[in-house]
Amino acid sequence: MDIRYLQSFVAVVEHGSFAEAARRLGLTPAAIAARVKALEESLDTPLVQRAGRTVVPTQGGLRILPKARAVVRDVRDLNAVAHDDSLLGELRLGVSTSALTGLLPPILRRLYAAHPRLKIFVEPGSSSHLYRRIVGGDLDAGIIVAPQFTIPKAFEWHVLVTEPFIVLAPEAMAHRGAHDLLATEPFIRYDRGMWGGMVADRYLQEHNIVPQERLEIDALNAIASMVHQGIGVSLVPDWTPPWPEGIRVARVPLPGRAPVRQVGLLWSPHAAHGALSRTLLEHATNADDGSSLSR
């Protein structure tokens, strides 16, 4: 059986379409479809089917999917071992959306300076989704927002950065108090389905602030852009730059001790790629000047 057939099948299932799988693997959709069909003929069972606009696995596809993923990953690891004996395998890293542009690039710069042949697969997503992927063993580690519950003992958590919550407001409102802005101006809510959004919602409830809610969204950069346009104010973490270019907003501090959003690395030291995760952590917590990213 050709390993490329399994690789194409896994890509189609993970990305939901032949077109996206083809884009990720640098092939044509026709080539991906031919590989999956060859695998189906080899196993004498259909593996994928269309459901509306997406492609989903059949019952047979679901049964072989875990082992197919394991085989594909083992081949990746074998390739890494053949070319670099300092760190073995490929690290599968989940990264929350807000950490992709701020936290991740400087960590990778330091990591690749020390280990230029290291292989990393990055999966972006919400912290809650990535947490489930990490605990389930689909990802080795993740740079995510701190969970709002106790982390299983088999995993380790290390804070990389602490972000205090602030009120984002149009520049012309910079002279006003945070609670006044939250209570009287149209409010852009940080999605309560996000762990950071839960912290913001809890703060509003604890201070008996009932905002004039206008919309709810989980994208911090989008919130900043909307505040810049005068659509409303928002209660968000003061996240690690860069922020959208050209944004002009007031970052109004909360009175007293502000709640914080912690972003850190979740990983299992006992997992198959624990050594890779530990190496990532070492470079994430040691900047060029020897200081931590935490602030």
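**Reading the labels on this model**

User: Why does N208 count as exposed?

Analyst: N208 has 69% relative accessibility. The cut-off for exposed is over 50%. The value passes it, so N208 counts as exposed. Note that this is a predicted model.

User: Where is N208 placed, and what is its phi?

Analyst: N208 sits in the loop between α8 (195-206) and β8 (212-217). Its phi is positive, about 55°, although N208 is not a glycine.

User: What makes D44 buried or exposed?

Analyst: The relative accessible area of D44 is 70%.

User: Why is D180 given the label partly exposed?

Analyst: D180 comes to 36% relative accessibility. Buried needs under 20% and exposed needs over 50%. The value 36% falls in between, so D180 counts as partly exposed.

User: Where is D180, and how many Å separate its C-alpha atom from that of L139?

Analyst: D180 belongs to helix α7 (residues 178-184). The C-alpha atoms of D180 and L139 are 43 Å apart. Along the chain, these two residues are 41 residues apart.

User: How do you know whether P57 is buried or exposed?

Analyst: P57 has a relative accessible area of 17%. Buried means under 20%, so P57 is buried.

User: Which strand holds P57, and which residues does P57 touch?

Analyst: P57 is in strand β2 (residues 54-57). Leaving aside residues up to four places away in sequence, P57 touches V13, L47, V48, Q49 and L62. To count as a contact, heavy atoms must be within 4.5 Å.

User: What separates P57 from L254?

Analyst: Their C-alpha atoms are separated by 49 Å. In sequence, P57 and L254 are 197 residues apart.

User: Which residues meet where α2 and α3 come together?

Analyst: From α2, the residues are F18, A19, A21, A22 and L25. From α3, they are P29, I32, A33 and V36. The two axes come within 8 Å.

User: Which peptide bond is cis, and what is its omega?

Analyst: The bond from P241 to P242 is cis, with omega near 10°. P242 lies in a loop, between β9 (234-237) and β10 (249-253).

User: How many helices and strands are in the protein, and what does the C-alpha trace span?

Analyst: The protein has 10 helices and 11 strands. Its C-alpha trace spans about 70 × 50 × 35 Å along the principal axes.

User: What share of the residues is buried, and what share of the contacts joins residues at least 24 apart?

Analyst: Of the 295 residues, 47% are buried. Among contacts between residues at least 6 apart in sequence, 71% join residues at least 24 apart.

User: What are the surface and charge totals?

Analyst: The accessible surface is about 14,600 Å², and 54% of it belongs to carbon and sulfur atoms. There are 31 positive and 30 negative side chains, with the centres of the two sets 2 Å apart.

Methods:
Residues numbered from 1 in each chain as written. Predicted model: local features only at pLDDT ≥ 70, side-chain atom pairs only at ≥ 80, totals over all residues. Heavy atoms only, no water. Helix = DSSP H or I, 4+ residues; strand = E, 2+ residues; numbered from the N terminus. Buried < 20%, exposed > 50% of the residue type's maximum accessible area, 1.4 Å probe, protein only. Areas by Shrake-Rupley, 256 points an atom, 1.4 Å probe, with all protein chains shown as cover. Lys, Arg positive; Asp, Glu negative; His and termini not counted. Charge placed at Lys NZ, Arg CZ, Asp CG, Glu CD. Axes fitted to C-alpha atoms, helices over the stretch in contact; angles between N-to-C directions.
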